[in-house]
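Me: Could you take me through how the labels on this model are decided? I would like to see each value set beside its cut-off.

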Amino acid sequence: MKSLRFLWMRLGVLLILGLAMLACTWSLVDLGFPSGPTPAPGTGPNPTPVALAEVTFTALLPAPLAPGETMVIGILDEVTGLGLNPILYPMNQVDAQRFSVKLPLVLNSVIKYRYYRQGAFTALEDTAAGGMVRYRLYHVTGPGGSEDRIASWSDTPFAGQTGSLGGAVIDAKTGRPVANMLVNAGGISTLTDSLGQFLIHGLPVGTHTLVAYAPDGMHTTFQQGAAVGAGLTTNAPISVQSVPTVRVTFVVTTPSDTVRGAPVRLAGNLLQLGNTFADLNGGINTVATRMPTLSTVDGTRQGITLNLPVGADVRYKYTLGDGFWNAEHAQDGAFVIRQLIVPASDVTVTDTVFTWASGNSAPILFEVSVPSNTPPGENVSIQFNPYGWTEPFPMWPLGGNRWVYKLYSPLNILGSFHYRYCRNDQCGSADDSFTAGAQANSRVVSTSMTGQDIKDSIGAWAWWPDSEPGAIIAVPINPRKGGFWAGIEFSPNYHPSWQSLLPSAMQSVQSLGVNTLVLTPAWTATSVNPLTFAPTPGLDPLWGDVVQSVQYGRAQNLSVALYAAPRLFPSTPDFWFQSPRSAEWWETWFSRYRAFALYHADLAQQAGAQSLILGGEAVMPAIPGGLLPNGAPSGVPADAENRWRGILAEVRQRFNGQVLWAHPYRDALIPAPAFVNQVDAIYLLWSAPLTASPGATVDTMTEAA
């Protein structure tokens, strides 16, 4: 720990009293954040006092600490980045394996936290499966506490017995299941499916704090203790209530050195404020293009009005970049994180950004000229690498193929660092040809006490022709009957930054003359045994993203199909080879695939998709008489035919559009299972390689196509 400091988190409309000289700052990547006290909160206009509640956090260790080691708890900041701005509190030893600390916290807050063991090295707490604990959740409803069982540390394996928690989240008023609730216990999180179901494996035996939290804040937060037995799954029913929204108007006064016309964004902890609930490049959790952008009120003020859920704990900040780069800072250079517990009536929040800068280093101006064939309407982005690539974000257009970006912060933690340019935030693929791919050290800049104006020029974009292709001479095509699909299937790969690109992508698809768009949402199976198969933030598009994508396609008069195929980790062959395929395992597989199929049936119905495609290469070992990728029998249960028929019948009950079965064509047509007589059509999966050469050019592959 670097030094003692105040806990104060800069609050736009909240005044918190207490916690002085209790916490210290520290960074997982040792970026050298400034130490010392931050200004008192509530210094903006009209601060409002709020109630505090004393909460006791107790950690039960898997083994006693070594001599010289200490325990701390970290209160995490998902807006800046979970590992980039934690506030750590030393814990007091109760006995050899029990430590605790009492913290006064804002009433109705939802706290994200985890534990650290500090000594010669700092160890983070791990799950029983060896994965890092992203965070634990605690809902502050009054004086209380949480007793948390630490499974293991990042430098030691888990030793002990585990169990599971499962159940369903139900709306207390309607009795209907609630999808997309983030359920957390023991530092492990999962999202509920459209049946409201969740399943958390690998929890150490004992009692855990179980929390269900709405990433968009649209349902109340649920919290209770849940006992886990060895080798057992504890049923934990959860009841929540939907909440209304109110109009919250944010008005902020920006510093005088703010670049005129630069977009000021509102970065926050809710989905609608740019949080992805995923671990992105460089420990970033927010995406700039998913954040709301403020509008000019007058010369120094900007504002925006949002509909936010009543009672939601909103953590937010103003930024010219994302939650980490070019975000607002306090006078001492510390990151600012504001808090608003949304009231029951419309409210106006007035804030003042003290500075965009941090430390004594002067801002750096990046100017770049891009090729004249850069497609109109595209953004040019910049990406920084202080310790590894972080998430890119858009630069500011000057016109005439020139773009600019002024970097204010956090320059106090940098010396020399790398950077590169790309198109539409897609660094690593749509790169400047000079810094394409994994090449990370091509452009370097160092901080300075005097201002810098870096002028760069991009000669060409990687994977983009120097000139537009010539006219294509069409061949005569016989008219097709109604219902013929002339379509485009999107790649199943996904990144949260792609969402902002979809409107223009849909226009491009429509301009090709197609009539059908096939979207490929997925769930990821992150563990084989026990099987963990659920929507995974950052890897899979979430419910709202898919609904929005379908709406974009429909706006272009496209017929939209959802092709729901599981993403199996680490690969489809490895997943099936590593699976035990016991009777119990198959029972879990079909239960989770049923939830997967019904989730996408419900999603297709709500979004207004015309077709739903199930099946695909990933599920071939699970069909009747299924074979593993090496041709060996998979051992699928004898009643697999009836199981599939039951799933398809339920899908039909929930989705009134066309249902297709995706079936692979390899060297020959694989015999289709008998249950395909319950679907409307076959979606034949056939592909041929465009080249056998790893160094083939685009022209070569184009000719082959």
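Me: What is the handedness of the crossing where helix 2 passes helix 4?

Reply: Helix 2 passes helix 4 in a right-handed crossing. A crossing is right-handed if the near helix is turned clockwise from the far one by less than a right angle, and left-handed if anticlockwise. Helices here are DSSP runs of H or I with at least four residues, strands are E runs of at least two, and both are numbered from the N terminus. Some background: this is a predicted model, where local features need pLDDT of at least 70 and side-chain atom pairs count only at pLDDT 80 or more, while totals for chains, interfaces and linings use all residues. Residues are numbered from 1 along each chain as its sequence is written, and side-chain values use heavy atoms, with hydrogens and water left out.

Me: Why is helix 2 called oblique to helix 4?

Reply: The axes of helix 2 (residues 543-555) and helix 4 (residues 583-607) come within 9 Å and cross at roughly 45°. That angle makes helix 2 oblique to helix 4, because under 35 degrees counts as roughly parallel, over 145 as roughly antiparallel, 65 to 115 as roughly perpendicular and the rest as oblique. The axes are lines fitted to C-alpha atoms, for helices over the stretch in contact, and angles run from 0 to 180 degrees between N-to-C directions.

Me: Which residues of helix 2 and helix 4 make the contact?

Reply: W543, V546, V547 and V550 of helix 2 meet Y599, D602, L603, Q606 and A607 of helix 4. Contact means heavy atoms within 4.5 Å.

Me: What makes R423 buried rather than exposed?

Reply: R423 has a relative accessible area of 9%, so R423 is buried. Buried means under 20% relative accessible area, exposed over 50% and partly exposed in between (1.4 Å probe, protein chains only). R423 sits in strand 35 (residues 416-423), and among its contacts beyond four places in sequence are P375, E378, W461 and W464.

Me: Why does Q241 count as partly exposed?

Reply: The relative accessible area of Q241 is 47%, which is why Q241 is partly exposed. Q241 is found in the loop between strand 22 (238-240) and strand 23 (245-253). Its C-alpha is 5.6 Å from that of A172, although the two are 69 residues apart in sequence.

Me: And how is S295 classed?

Reply: S295, in strand 25 (residues 295-296), has 46% relative accessibility and therefore counts as partly exposed. Beyond four places in sequence, S295 is in contact with R301, Q302 and G303.
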